[in-house]
Amino acid sequence: MRRCVFLLFTWIYTALSAPCIPRDFGNNGTVCVCNATYCDSTPVTEVPDIGFYMHYTSSKDGLRFSTIDGVFNKELPADSNSFQLDFDTTFQPIHGFGGAFTDAATMNIKTLSPDAQENLMRTYFTEEGSNYHFGRVPIGSSDFSTRPYTYDDYEGDVQLEKFSLADEDLLYKIPLMKKAVELNPEIKFFAAAWSAPPWMRTDNNYTGYGFLRKEYYQVYARYHEEFLNKYEDHGLKMWAISAGNEPFYGMLSITYYNSMGWLPRDVGTWIANNLGPTICKSKHSKTLIIGYDDATSGLVSYVNETFSNGLARKYIAGIAIHGYTDTSIPANVLDGVHEDYPEKFLILTEYSNGSPDAETGILALGSWDRGEEYILDIIQNLQNWVTGWVDWNLALNIYGKPNWRGILGDAAVIVNPESDEFYKQPKYYAIAHFSKFIPPGSIRIGLTHGMTSVKAVAFKTLKNETVVVMYNTYLTDQNVTIYDSRRGQISLKLPPKSIHTLIYY
Ligand SMILES: *[C@@H]1O[C@H](CO)[C@@H](O)[C@H](O)[C@H]1NC(C)=O
Ligand SMILES: *[C@@H]1O[C@H](CO)[C@@H](O)[C@H](O)[C@H]1NC(C)=O
Ligand SMILES: *[C@@H]1O[C@H](CO)[C@@H](O)[C@H](O)[C@H]1NC(C)=O
Ligand SMILES: *[C@@H]1O[C@H](CO)[C@@H](O)[C@H](O)[C@H]1NC(C)=O
Ligand SMILES: *[C@@H]1O[C@H](CO)[C@@H](O)[C@H](O)[C@H]1NC(C)=O
Ligand SMILES: *[C@@H]1O[C@H](CO)[C@@H](O)[C@H](O)[C@H]1NC(C)=O
């Protein structure tokens, strides 16, 4: 009887979903093509009754959120390879997933027609899409801007009287951030400066080997407060601000994109004496301060040295990391930092991969391999106490532009204004297999298994749904059994290079 009701429900589900319109650019994978009138979606499904589950699959072979329902089998686990859920072992609560509202991303999105823009924003910020809950925003320019600038490029303006937002904020970032709030009122934003105004720096530049001059420590704290004021004037509050993007970069003389060096002790002093008290006494006292904001290669000693300043440690709520060295640095450095500072959350604030072909200048659209790197990075971070995962540029164009230093990149969504289309790459689905089903407040739970071919991670949501995400890294089918002592087992054959989300009560 229940089964009949459920089948009817499944039919409704299928009728409402819009399938991927695939296009193959010859790069070992496909994109899904969206335009002003069409975009693939996954409708919000009600999770079925106890004893049933929903199963979503995307794969290198072209499946995109292929959805089937299933019923638990009451048998005991088949073998020691089976995935056993452990609800008594709990790890970190989840803050969420998202992407960055850079100048490049927002300018690109605005090159589409209004209806195509609407579809693009919906595909990221609604439950029929990625269900993103986070947006990162640069304070002033980053390298993914068409020019370097800050909000006060007037030498000696220590009162910040000439502080003003740029056209990039007013025409591109703010309107699209407001649109994101309209689509998901629960979205949280956080911000980071790539550099102080050059006149506050030892090298009077946006790039290169340079540090904040000590006499401007307080001015630069107020510069951050002023940024919060101006964005709030547009109705946009920040959940958190960073002490600065990639502090290591400005300590390297080879650096040629926007960055400012921060020695760990100096940033500790600045947060303790300037940024912390300034934000705390302002009307933005609820805005959190996050520290580090760089690749995990230098994490442990940097955080230790910063936190040797007890006041800085008090002001810093969380430790932001970037994913660029995740395949070379063992992920257990995160466990170490979590053990040493259990009261500080860890959040990944930036990751991206790929760049355009050197000869053609065009991106390898549809590459599944790049999507796979995203999947593995997300799983690795979630397995090691990371509470959120935020992609870099929300969108770029087919040339991976713009970037004022010519350091081009790839993105989960690529826009093509000539045809008024945008392309959802495998990376988009890679993130969405997590972001769509693991809302803020979900808690990671124990999941033991003996398979090396399949990577997996499990959560319990605030609605008591169980969510398991698995990836078959092999080029052959893999048989897996998921065992939940309360419900029974699920046996599945995972196709080569496929990602799966299971959800059930
Ligand atoms: C496609 O895959 C083959 C085999 O792995 C590889 O040699 C080739 O470089 C890939 N092509 C692209 C564009 O990624
Ligand atoms: C938009 O995409 C849909 C689905 O692929 C297609 O039917 C329609 O013709 C496209 N519209 C334009 C203007 O290309
Ligand atoms: C700023 O640094 C870049 C190299 O990163 C250099 O080319 C440029 O000349 C510098 N500008 C000034 C004003 O020093
Ligand atoms: C970091 O600090 C913790 C706690 O004080 C200590 O156990 C650890 O050895 C330190 N690590 C480094 C690399 O300094
Ligand atoms: C989730 O389960 C717990 C106990 O298992 C219960 O107290 C709580 O009310 C449930 N929450 C929802 C939203 O069903
Ligand atoms: C996977 O299970 C199927 C039956 O569902 C079986 O035919 C196949 O041999 C199994 N594959 C492996 C590698 O065990």
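User: Is the crossing of α5 and α6 left-handed or right-handed?

Analyst: This is a predicted model. In it, α5 crosses α6 in the right-handed sense.

User: Which residues in α5 and α6 meet?

Analyst: From α5, they include Tyr217, Tyr220, His224 and Leu228. From α6, they include Trp270, Asn273 and Ile279. By class, the contact has 7 nonpolar, 6 polar and 3 charged residues.

User: What makes the pair of tyrosine 151 and phenylalanine 227 stacked?

Analyst: The planes are 5° apart, with 6.2 Å centre to centre. Stacked requires planes under 30 degrees apart, so the label holds. The partners lie 76 residues apart: tyrosine 151 in the loop between β7 and α4, phenylalanine 227 in helix α5.

User: How do you know that tyrosine 151 and phenylalanine 227 are buried?

Analyst: Buried means under 20% relative accessible area. Tyrosine 151 has 2%, and phenylalanine 227 has 0%. Therefore both count as buried.

User: Why is the pair of tyrosine 351 and tyrosine 374 edge-to-face?

Analyst: Their planes stand at 70°, with centres 5.1 Å apart. The cut-off for edge-to-face is over 60 degrees, so the pair qualifies. Tyrosine 351 sits in the loop between β12 and α10, and tyrosine 374 in helix α10.

Key. Residues are numbered from 1 along each chain as its sequence is written. Chains are lettered from A and ligands numbered from 1 in the order in which they are written. This is a predicted model: local features need pLDDT of at least 70, side-chain atom pairs count only at pLDDT 80 or more; totals for chains, interfaces and linings use all residues. Side-chain values use heavy atoms; hydrogens and water are left out. A crossing is left-handed if the near helix is turned anticlockwise from the far one by less than a right angle, and right-handed if clockwise. Helices (H or I, at least four residues) and strands (E, at least two) are DSSP runs, numbered from the N terminus. Contact means heavy atoms within 4.5 Å. Ala, Val, Leu, Ile, Met, Phe, Trp, Tyr, Cys and Pro count as nonpolar, Asp, Glu, Lys and Arg as charged, and the others, Gly among them, as polar. Rings of Phe, Tyr and Trp (its six-membered ring) pair if their centres lie within 6.5 Å; planes under 30 degrees apart count as stacked, over 60 as edge-to-face and the rest as tilted. Buried means under 20% relative accessible area, exposed over 50%, partly exposed in between (1.4 Å probe, protein chains only).
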